[in-house]
Amino acid sequence: MSSGDAEPDRSPQQPMFGFPAPMARWDGLLAGPHNAGALRIAGNPEDWATPVLCITGPAKSGLTFLAAAWAVRFNGECLTAAQLARAGRRGLDALAGRHVAVDDGDLAGGRQDEALLSLINLVAAGGGRLLLTAHRAPSQWRTASPDLRSRLNALPVGEIGPPDDTVVRARLAIAAERRFLRLSPETLNYLVPRLELAYDAVENFMDRLSDAVSDHDRAPSLPLARRVLEQMSEAAGDDVAEG
């Protein structure tokens, strides 16, 4: 992804709880109308109205990358909801007053209820900041804790919206590079108006194209990309017919 302000070079720290360390950097975020508001507010935690902010977005919209990049930018920690539940009291105490990102925050529930509520309190009491990322607004998260429910309902929320054609083009190129492939301008021009405007549609197509490249031992040419897209359309039509 591409962003606004470039930050000094910082290597990701070894995560305290074993969270995978992607090479996520704030200036590696793909900025555009779909996420401008979310990036603006997330990137200025000193201006948050409360110590906790939630960013929501569709599947494959880059929430995990965003959480990791934010933690790197502010020299903080990045965890999943499952890792948060396993942190224990000592682990949570170590996060007090820090900048902490929790990815998949909407998976809170059970043991995560107590851990998330404790983390909110510890971060706030120590003057830190907590960034939550999720596919659903906090008001829709399942929790058995009335205290946590009250906190979640009051959280400010930033939203990553669906992609437009420009973002789909950029995401196709990024997804191809991640798979060590290169899509020609002609191939991108063909795909962009035909693919669904959805992040997961881009990833699904690139997974299938990568498989086709391996199966046919050939570069991702326009004819091959066209064939993969046609096969996806045929499969979607079959599913509708069977339904």
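This is a predicted model: local features need pLDDT of at least 70, side-chain atom pairs count only at pLDDT 80 or more; totals for chains, interfaces and linings use all residues.
Tutor: Start with a term. On a 1 Å grid over the protein atoms alone, a pocket is an open set of points where a 1.4 Å probe fits, with protein on both sides within 12 Å along at least five of seven lines. A lining residue has an atom within 4 Å of a point. Grid points are joined across faces, edges and corners, and the volume is the space filled by probe spheres set on the points.

Student: Why roll a probe at all?

Tutor: A probe the size of a water molecule, rolled over the atoms, shows where empty space is left.

Student: OK, what's the volume of the largest pocket?

Tutor: About 640 Å³. Its lining has 21 residues, and Gly-62, Phe-65, Arg-171, Ile-174 and Arg-178 lie nearest the centre.

Student: Which elements give two or more residues to that lining?

Tutor: Helix 2, helix 7 and helix 9 do. Helix 7 gives the largest share, four residues. Helices (H or I, at least four residues) and strands (E, at least two) are DSSP runs, numbered from the N terminus.

Student: How far does helix 7 reach?

Tutor: Its 14 residues span 20 Å from first C-alpha to last, close to the expected 20 Å. The expected span is 1.5 Å times one less than the number of residues.

Student: Which of its residues are buried?

Tutor: Val-167, Val-168, Arg-171, Leu-172, Ala-175 and Ala-176. These residues lie on the same side of helix 7, because they cover an arc of only 165° around the axis. That arc is taken from the directions from the helix axis to the C-beta atoms. Buried means under 20% relative accessible area, exposed over 50%, and partly exposed in between (1.4 Å probe, protein chains only).

Student: Which residues three or four places apart point the same way, and why?

Tutor: Those in an α-helix, because it has 3.6 residues a turn.

Student: What's on the face turned away from the buried side?

Tutor: The exposed residues Thr-166 and Glu-177. The buried residues pack against helix 8 (185–191) and helix 9 (199–216).

Student: Zoom in on Leu-172. What does it touch?

Tutor: Leu-172 has a relative accessible area of 0%. Beyond its neighbours within four places in sequence, its contacts (heavy atoms within 4.5 Å) include Leu-183, Leu-188, Val-202 and Phe-205. Arg-182 is 10 residues along the sequence, with its C-alpha 9.5 Å from that of Leu-172.

Student: New topic. Which residue just after helix 7 has a positive phi?

Tutor: Phe-180, at about 60°. Lys-60 has one of about 65°, though it is not a glycine.

Student: Where does Lys-60 sit?

Tutor: In the loop between strand 1 (52–56) and helix 2 (63–73). Lys-60 is exposed, at 52%.

Student: And Asp-104, what is its phi?

Tutor: About 60°, positive, and again this is not a glycine. Asp-104 is in the loop between strand 3 (99–103) and helix 5 (111–125). Its relative accessible area of 27% makes Asp-104 partly exposed.

Student: Last one: is Cys-78 buried or exposed?

Tutor: Buried, at 9%. Cys-78 is in strand 2 (residues 77–80). Leu-130 is 52 residues away in sequence, yet 9.9 Å from Cys-78 in space, C-alpha to C-alpha.

Technical notes
Residues are numbered from 1 along each chain as its sequence is written. Side-chain values use heavy atoms; hydrogens and water are left out.
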